[in-house]
Amino acid sequence: MAASMAVTCRSSALRLNLLKKGINSRCFATTSSSNNVSDVKQAGETEAEYPPVLDTSFKATKDRETQQWHKLIQSLPTVQEKQLELNMSRYYGHWACQLSPHDVHYNHAEFIQFATRTNVVEAWPNVYSTLDDEVNKFLPVLKKKVEDIFLLELCHRPKVDRVESRQQKETSDNIIWAINHALVSLLSDQADHIADSQSDLSPRLEAFWWLSDVPADSRQRHVRSFRRHIPEEERNDPVSRPVQFVGQPALLVRGRLPLPALAGQGDPVGHQPPPLEMDSREPRTRQCAYKFRHGTNIPGVWPEDGRQFGLVNWLTREHLVRHATKYGQHAAADRPDALRAQACLSGFASCLSQACGVGFSPLTELTYPLTTQTVITDGRTWTFSAFQLNTTGALLTPAEHGAPGNTCWVLPEMQLYQNVTEKGVEGLNEEVLKRLLQLYLLPTGDRDGIELRPYLDPERSLVDAVEDDWLRTKYLQTYFHIMSCRPRSRLKDEVYMWEKIYKVQFQTRPMEARKRFFELNKYPDMRRLDDFYPGYIPRALRQNFVPARFKAASKHEKNVFHEMGRLRGHRNTDPKFLQELQELESWRDEKDK
């Protein structure tokens with residue numbers, strides 16, 4: 001007891017002496033520091049600037065990492081690098097919701113407007129009224145050509161007994177191709193953008209984006225419950241879901257310059273989509289399927305093509321036959337909503353894929369609006385629409401924040417004719433032909449004072465970015481493989497049903513060796529695109545006498561993306577990355593020798 005009291009007294013005395021010394025030193029330091037401050041002020045130097053205080057919570061840290069990733073995608077100089085960076089986090093693709101313009105479900109229009117942040121206006125833009133004089137000039141000639149087309153297709157072409165939807169599609173395709181050919185041949189001498197345009201039959205039209213403000217499912221809420229860094233009140237917060245659109249229009253007309261904006265920021269047309277309840281925002285409630293798929297943005301052409309901007313997008317209506325068979329007596333009342341959903345979804349996907357083709361991305365905000373025009377027809381019934389993509393940032397923000405969205409103008413259905421006989425076409429509606437001429441006569445042009453490709457390097461392409469032939473070829477092969485969406489040679493590992501029962505739900509095999517991926521906490525869903533397995537080296541060669549080029553060659557594929565990372569300049573400080581680059585350069589030198 002006495003010994004402990006002595007130790008306590010000594011420690012308190014020591015603290016008192018240190019405190020006195022600290023006070024004296026601070027007193028003496030005050031005078032010297034004041035002199036130093038006066039000297040600094042006399043020298044004219046600025047005061048110290050401290051870094052901002054950052055929020056270190058889990059959610060704030062994740063938001064900063066996401067913003068840095070968005071800026072990285074924006075800084076990449078080529079379209080191929082941007083598209084690969086969107087898929088870099090998933091080797092086997094994203095678990096994405098699949099949408100198609102030819103698979104529109106019942107009461108689907110509200111969800112499509114929410115998924116694309118689009119306000120549908122049942123009117124026609126005022127910009128088309130300036131083309132009335134030119135339309136009346138070409139109307140008589142077009143009317144005669146259209147009559148000849150319908151006489152050939154509906155009266156003189158032999159019919160084949162097939163399914164109704166397939167027969168309707170073939171007839172619609174023939175009529176669409178013939179009318180487009182008549183319009184292009186008629187207007188080529190008067191409209192330069194039509195003479196320089198290109199028409200594609202059944203091209204690939206695909207778009208990929210992330211949809212925010214979707215309710216979390218039971219699995220996500222269950223996972224969040226085991227994470228201590230997530231507060232309890234944030235475990236039910238909405239999430240972002242990948243969405244993949246896959247379509248194939250009957251015909252697509254493309255040009256070198258974009259269409260003009262149909263409505264400005266000060267236009268009285270509203271931009272806010274209708275509200276949608278939280279439970280109705282889940283794609284599964286709308287019969288939308290999920291599957292693993294790489295995110296692709298294809299406007300019908302590859303990035304090297306000069307005609308990246310879509311002018312007119314032609315669609316068919318054979319899906320309405322399946323729609324009527326599936327929903328019976330309710331299909332007739334839902335048909336206007338189905339057509340509105342098809343026009344809205346196709347227009348949004350066309351504009352978004354165009355934006356990605358000229359250097360933007362689903363995560364990069366637009367600097368100018370993009371416009372496209374859509375025609376939905378089976379030859380007799382016609383629906384016209386125009387879409388203007390104003391923003392992509394609204395897809396990443398909650399719908400309740402009131403961010404400006406996109407606009408889609410849709411006209412009601414119109415009948416082109418009453419009947420077609422051997423004598424001619426009865427009751428031909430000239431209003432439909434006027435709308436067609438308006439779509440093709442709307443001129444394209446540059447945006448005044450706006451760069452069309454602000455986030456692309458005009459002096460550098462992917463061919464110039466990589467000097468090594470092998471690396472460039474490998475990188476292009478990877479890009480085309482991602483865009484083709486073909487399965488991997490080594491399929492993704494899965495948990496078999498007996499493993500789910502006996503190893504996951506009920507651990508009934510405790511003595512068995514833990515070799516499966518879910519037992520080692522290695523999930524194939526989280527594998528990155530640049531996570532390559534090294535090349536196989538035979539066991540007889542795994543000795544000290546193995547040349548260094550064999551070891552470097554085993555990492556050669558992995559360095560394909562490291563080479564691109566060095567070009568992007570965002571991994572220059574990683575010592576492991578620099579070491580692998582040095583091994584790659586030594587492998588090249590030995591190969592040249």
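Predicted model: local features only at pLDDT ≥ 70, side-chain atom pairs only at ≥ 80, totals over all residues.
A charge is said to sit over a ring if NZ of Lys or CZ of Arg is within 6 Å of the ring centre and within 35 degrees of the ring normal. R527 lies over the face of Y91, 3.8 Å from the ring centre. The charged end of R488 also sits over the ring of Y91, at 4.1 Å from its centre.

Now step back to take in the chain as a whole. It has 17 helices and 14 strands, and of its 593 residues, 45% count as buried. Among the contacts with a separation of 6 or more, 79% come from residues 24 or more positions apart. The chain exposes about 32600 Å², with carbon and sulfur atoms supplying 52% of that area.

Y327 brings us to the aromatic rings. A pair of aromatic rings is described by the distance of the centres and the angle of the planes. The count of aromatic pairs comes to 20. In one of them, the rings of Y106 and Y327 have centres 5.6 Å apart and planes at 40 degrees, so this pair is tilted. It links distant parts of the chain: Y106 is in the loop between β1 (94-99) and α4 (109-116), while Y327 is in helix α9, 221 residues apart. Are these two partners buried or exposed? Y106 has a relative accessibility of 41%, so it counts as partly exposed. Y327, at 16%, counts as buried because the cut-off for buried is under 20%.

For another geometry, turn to F517 and F518. Their ring centres are 5.5 Å apart and their planes are at 90 degrees, so the pair is edge-to-face. Both F517 and F518 are buried. Elsewhere, W69, F208 and W210 form one aromatic cluster.

Which residues make a nonpolar surface patch of about 650 Å²? They are Y496, M497, W498, I501, Y502 and F506. Of these, I501 is found in helix α14, residues 497-505. With 34% relative accessibility, I501 counts as partly exposed.

Technical notes: Residues numbered from 1 in each chain as written. Heavy atoms only, no water. Phe/Tyr/Trp six-rings, centres within 6.5 Å; stacked < 30°, edge-to-face > 60°. Helix = DSSP H or I, 4+ residues; strand = E, 2+ residues; numbered from the N terminus. Buried < 20%, exposed > 50% of the residue type's maximum accessible area, 1.4 Å probe, protein only. Patch = residues over 30% accessible without salt bridge, like charges linked within 9 Å, V, L, I, M, F, W, Y side chains within 5 Å. Areas by Shrake-Rupley, 256 points an atom, 1.4 Å probe, with all protein chains shown as cover. Salt bridge = Lys/Arg side-chain N within 4 Å of Asp/Glu carboxyl O. Contact = heavy atoms within 4.5 Å.
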